[in-house]
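Subject: Structure for your review

Dear colleague,

Please find below the structure that I am handing over to you.

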Amino acid sequence: MPYIKEKQRIKLKIKRMGINGEGIGYYQKTLVFVTGALTGEEVLCQITAVKPRFMTARLVTILKASKDRVAPKCPIYEECGGCQIMHLAYPKQLDYKEDIIQQSLKKFKPAGYESYQVRKTIGMDHPWHYRAKLQFQTRAFGGKVHAGLFAEGSHRLVTIDDCMVQDKTTQTILNDIVKLLDRHKLPIYNERKIAGLRTVMIRRGQSSGQVQLIFVSSCELRLAPMITNLVSMHQDIKSIAININKSKSSQIYGEETEIIWGKESIEEEVLDSQFALSPRAFYQLNPQQTQVLYAQVVKALDVSEEDHIIDAYCGVGTIGFAYAKQVKSLRGMDIIPEAIADAKSNAEQLGFTNTYYETGKAEDLIPKWYQEGYRADAIIVDPPRTGLDEKLLKTILTYKPAKMVYVSCNTSTLARDLVQLAKVYQVEYIQSVDMFPHTSRTEAVVKLLRK
């Protein structure tokens, strides 16, 4: 490790980009991570932290710019931090997302990873205003209410009133909510006093145009007058709920969610299947690319009419519905009761009689189902960013369904899990799908067949 101290400035050649979108160079054989730098650039940077095996640095000056560098469309891009690679030309973003899958495989080294087929990332024709769900924090300062996201690594709110990746309707509704909160003098969350409105969630069904809201508060709020104004301004709002969260933690939602105006759910559609979404039920943030992603899942899992399928982390049932007409049976589970209620209702509305849904963890329910005599020919897993639960991983390796599709939103936990899965399964291919343009995140569909 070279002798170097914080705030020291160094020149650096950027060799590649890391999994968080940062540029990576070497200073006397020590890794240096530089936020905002691109592969091939020569930069002057200032050291911000010195660790035993690496350093982090702030970009000061670009001495030689990459031909792939572009001016970000967003005026608060660097301040917000919600997007990490908007300064990289979009076609190169797609190459980068393929590369971070390769980087993760090289780090964790699942069996045979050198020969895995990592397919070209499927991108968007128009990679702007794609997020159909908005989840912004609210705070009061400067005599006004503000809504936005916290700057990275802080609790300093960055006000956002025109997000380049957010659905325009949801952003417009949020801007009107902020004005109404000011007009009606509703209490806004304060980290010292606690009591008040903390978060606003707005979700829009792409196929239906219907809008759903959740107000997350640490105390009871008198929202009726504001809601009357809001729904008269926006007729596409169909469902409004309140969630009480008194916790001091960073967890967004509390346990109880109650509909206070309108319908229980909104309608959405994917792969020609219509379904309902309750306020807390999970659904992908980018509905347009969800069509692409789920089509890839269907392509990866070859099924027959005699197959029994388990859809772990099933949410409201969306992925599984694409198979229900083609298989003997389909079973799903999720830990959110509202999602399972939606899945049951959606399956009934779609006329499926071969589906079964249960609330609980996959690692608990799969062994129970096997003890009851159920046998799965195939399993679909779409876990959160933390990847597969260790107990679920052991469960899959114990029962070994012949076919498996792993849908991942985190390349690191995917590669980690493949270390275990590759002992039993052959990795046929990994298909990258860009669900989150201008961010360092990608989604991947992995086709696995039992050896």
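The buried residues of helix 10 pack against helix 2 (90-108), helix 9 (390-399), strand 20 (403-408), strand 21 (425-433) and strand 22 (443-450). Helices (H or I, at least four residues) and strands (E, at least two) are DSSP runs, numbered from the N terminus. Buried means under 20% relative accessible area, exposed over 50% and partly exposed in between (1.4 Å probe, protein chains only).

Please note that this is a predicted model, in which local features need pLDDT of at least 70 and side-chain atom pairs count only at pLDDT 80 or more, while totals for chains, interfaces and linings use all residues. Residues are numbered from 1 along each chain as its sequence is written, and side-chain values use heavy atoms, with hydrogens and water left out.

Helix 10 spans residues 411-421, and eight of its 11 residues are buried, so the helix is largely enclosed by the rest of the structure. The buried residues are T411, S412, T413, L414, A415, D417, L418 and L421. At the N-terminal end, N410 caps helix 10, with a side-chain oxygen 2.9 Å from the backbone nitrogen of S412.

Regarding the domains, the chain is divided into domain 1 (8-69), domain 2 (95-125 + 284-450) and domain 3 (133-270); these bounds come from an automatic or database domain assignment. The C-alpha centres of domain 1 and domain 2 lie 35 Å apart. Six residues of domain 1 are in contact (heavy atoms within 4.5 Å) with seven residues of domain 2. The two domains bury about 460 Å² between them, 51% of it on carbon and sulfur atoms; buried area is the accessible area (1.4 Å probe) that two parts lose on being put together, summed over both. On the side of domain 1, R16, M17 and I19 lose the most area to domain 2, together 79% of what that side buries. Zero salt bridges are counted between domain 1 and domain 2.

In the structure as a whole there are 14 salt bridges, a salt bridge being a side-chain nitrogen of Lys or Arg within 4 Å of a carboxyl oxygen of Asp or Glu. One of them joins the side chains of D302 and K447 (3.2 Å, N to O). This pair links distant parts of the chain, with D302 in the loop between helix 5 and strand 16 (308-312) and K447 in strand 22, 145 residues apart. D302 counts as partly exposed at 48% relative accessibility, whereas K447 is buried at 13%.

Another salt bridge is formed by E358 and K368 (3.0 Å, N to O). E358 lies in strand 18 (residues 355-359) and K368 in helix 8 (residues 362-371), so the pair ties together parts that are 10 residues apart in sequence. Salt bridges that share partners join E358, K368 and E372 into one network.

Two individual residues complete this summary. N286 lies in the loop between strand 15 (273-277) and helix 5 (287-300) and is buried, with a relative accessible area of 1%. A polar atom of the N286 side chain lies 3.0 Å from the backbone oxygen of M435. Q171, in helix 3 (residues 168-184), is buried as well, with a relative accessible area of 5%. The C-alpha atoms of Q171 and D161 are separated by 6.8 Å, although these residues are 10 residues apart along the chain.

Yours sincerely

Definitions and conventions:
Polar contact = N/O pair within 3.5 Å; in protein donor to acceptor, adjacent residues only side chain to side chain.
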